[in-house]
Amino acid sequence: MPEPIKNMLSPSALKEFAEAIKSVYSPFDIDGFCAATMGDTWDELELMARGRKISKTLGDFLPSKYEDAIAVIDKVVKVFQGFAAFSFPEFVIIYGQAPEHWDVSIAALGRYTEHFSAEFAVRLFIIANEEKMMAQMREWSRSDNEHLRRLSSEGCRPALPWGIALVKYKKDPSPVLPILEQLKADPSLYVRKSVANNLNDISKTHPELVVEIAKGWYGDNEKTNWIVKHGLRTLLKKSNADALAIFGLGNADAVDVSDFAISASSVTHGGDITFSFVITAKSDTKARLEYGIDYMKANGKQSRKIFQISEIPLKEGQTKSYTRKHALADHSTRKHYMGAHAVTLIVNGAERGTLEFILEEKQ
């Protein structure tokens, strides 16, 4: 098993972090800080909880005046880039949300985001004062600094993984759209990935809106086209007809499928299942080839996961053969359960055949 990521915040890493603070702020009590942070429950805490504990404890060992504490942190970030420093934006959340600290806090997050993630922190400020914070996000979207432009999009994603959901924007994402419009052709891939992920978030609750945005954007330039394709990935996996049509993938009948076969009717847990098939184009077309695995779940029901094979242009009469191997070993994001499974071939959003197999325990 790989080392848990939370162990990057080890006692030695914490001491190194404390020594960096001491180097710019001589009154800092290294031993006291480390002891107070780790306490008796440290081993039980997961990554985010450890970061929060570091942030909270910093408030007892940095200057009591918030502005002075931020001044110390500003010096630390110039000499220390270790993993523990991701606690600094959380420090701003804990101690800097009062109205009198707002300007200092937002400026600090803008500085820190170049070194460690600040998109989790800005969400609390959006919730506290949406109008003021979203005005700041729009300003950041016009910045020359790619880190600030990325923060402007990533920070207002309705469903940022590991972050507090912005429930209001799940219901009505319209305040987010001007930021995405500003960044739709950003020169930085780092920023474009965030814009696409934001669109993908919105597509889960407002698919029609995202399809309309995509129709308006697609064809502008290669950068915007990449955002549209990546931003519609969930709708494409769901075989949304309007999303498929944007990319010329709406004609499933233009492709014949033959010789769809599976390697075995049963497979041992931890092994592989192999399937093959042949496609033939009945006319010039584009083909998006995917397959779905219907996994048996712990409750005895099946749940499908979609995997992409290829997306290719085809000439009339062109034939292509495919063989794919799919692993059925447990990993960090999937546990396999014994019983009936199935593999389904999907062409341009249309199911073109299903083959069942049984997953069995190792003997």
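Helices here are DSSP runs of H or I with at least four residues, numbered from the N terminus. The model is predicted.

**Whole chain**

Show the chain as a cartoon. Its secondary structure comes to 16 helices and eight strands. The C-alpha atoms fill a box of roughly 75 × 55 × 30 Å along the principal axes. Of the 363 residues, 47% count as buried. Take the contacts between residues at least 6 apart in sequence: 67% of them join residues at least 24 apart.

**Stop 1: Thr-224**

Select Thr-224, in helix H14, residues 222-231. Is Thr-224 buried or exposed? Its relative accessible area is 0%, and buried means under 20%, so Thr-224 is buried. Now show side chains. A polar atom of the Thr-224 side chain lies 2.9 Å from the backbone oxygen of Lys-184. Setting aside neighbours within four places in sequence, Thr-224 is in contact with Lys-184, Ala-185 and Trp-217.

**Stop 2: Leu-151**

Move to helix H9, residues 146-154, and pick Leu-151. Leu-151 counts as buried, at 1% relative accessibility. Which residues touch Leu-151, beyond its neighbours within four places in sequence? They are Leu-109, Thr-113, Ala-118, Glu-119, Val-122, Met-137 and Trp-140. Val-191 is 40 residues from Leu-151 along the chain, and their C-alpha atoms are separated by 8.4 Å.

**Stop 3: helix H1**

Select residues 11-24, which form H1. Check the length of H1: its 14 residues should span 20 Å at 1.5 Å a residue, and the end C-alpha atoms are 21 Å apart, which agrees. Next, colour the buried residues of H1: Ala-13, Leu-14, Phe-17, Ala-18, Ala-20 and Ile-21. These residues cover an arc of only 155 degrees around the axis, so they sit on the same side of H1. Turn the view to the face away from that buried side. There you find the exposed residues Ser-12 and Ser-23. Back on the buried side, the packing partners are helix H2 (30-38), helix H3 (47-61), helix H4 (66-76) and helix H5 (87-95).

**Stop 4: Phe-17 and the cores**

Centre on Phe-17. Not counting residues up to four places away in sequence, Phe-17 touches Phe-33, Ile-54, Leu-58, Phe-80, Ala-84, Ala-85, Ser-87 and Phe-88. Nonpolar side chains tend to be buried together in soluble globular proteins. Here the largest nonpolar core has 77 residues. Those with the most contacts inside this core are Phe-17, Phe-28, Phe-33, Leu-58, Leu-62, Phe-88 and Leu-232. Which helix gives the most to this core? H4 does, with six residues. Now select Val-255, Phe-260, Val-343 and Leu-359. They are included in a second, separate core of 23 residues.

**Stop 5: aromatic rings**

How many aromatic pairs does the structure hold? The count is 19. Pick Phe-88 and Tyr-112. Their ring centres are 6.5 Å apart and their planes are at 45 degrees, so the pair is tilted. Phe-88 is buried, with a relative accessible area of 1%. Tyr-112 also counts as buried, at 1% relative accessibility.

Finish by selecting the ring cluster. Ring pairs link Phe-17, Phe-28, Phe-33, Phe-61, Phe-80, Phe-88, Tyr-112 and Phe-116.

Conventions. Residues numbered from 1 in each chain as written. Predicted model: local features only at pLDDT ≥ 70, side-chain atom pairs only at ≥ 80, totals over all residues. Heavy atoms only, no water. Helix = DSSP H or I, 4+ residues; strand = E, 2+ residues; numbered from the N terminus. Buried < 20%, exposed > 50% of the residue type's maximum accessible area, 1.4 Å probe, protein only. Polar contact = N/O pair within 3.5 Å; in protein donor to acceptor, adjacent residues only side chain to side chain. Contact = heavy atoms within 4.5 Å. Expected span 1.5 Å × (residues − 1). Arc of directions from axis to C-beta. Core = buried A, V, L, I, M, F, W, Y, C linked by side-chain atoms within 4.5 Å. Phe/Tyr/Trp six-rings, centres within 6.5 Å; stacked < 30°, edge-to-face > 60°.
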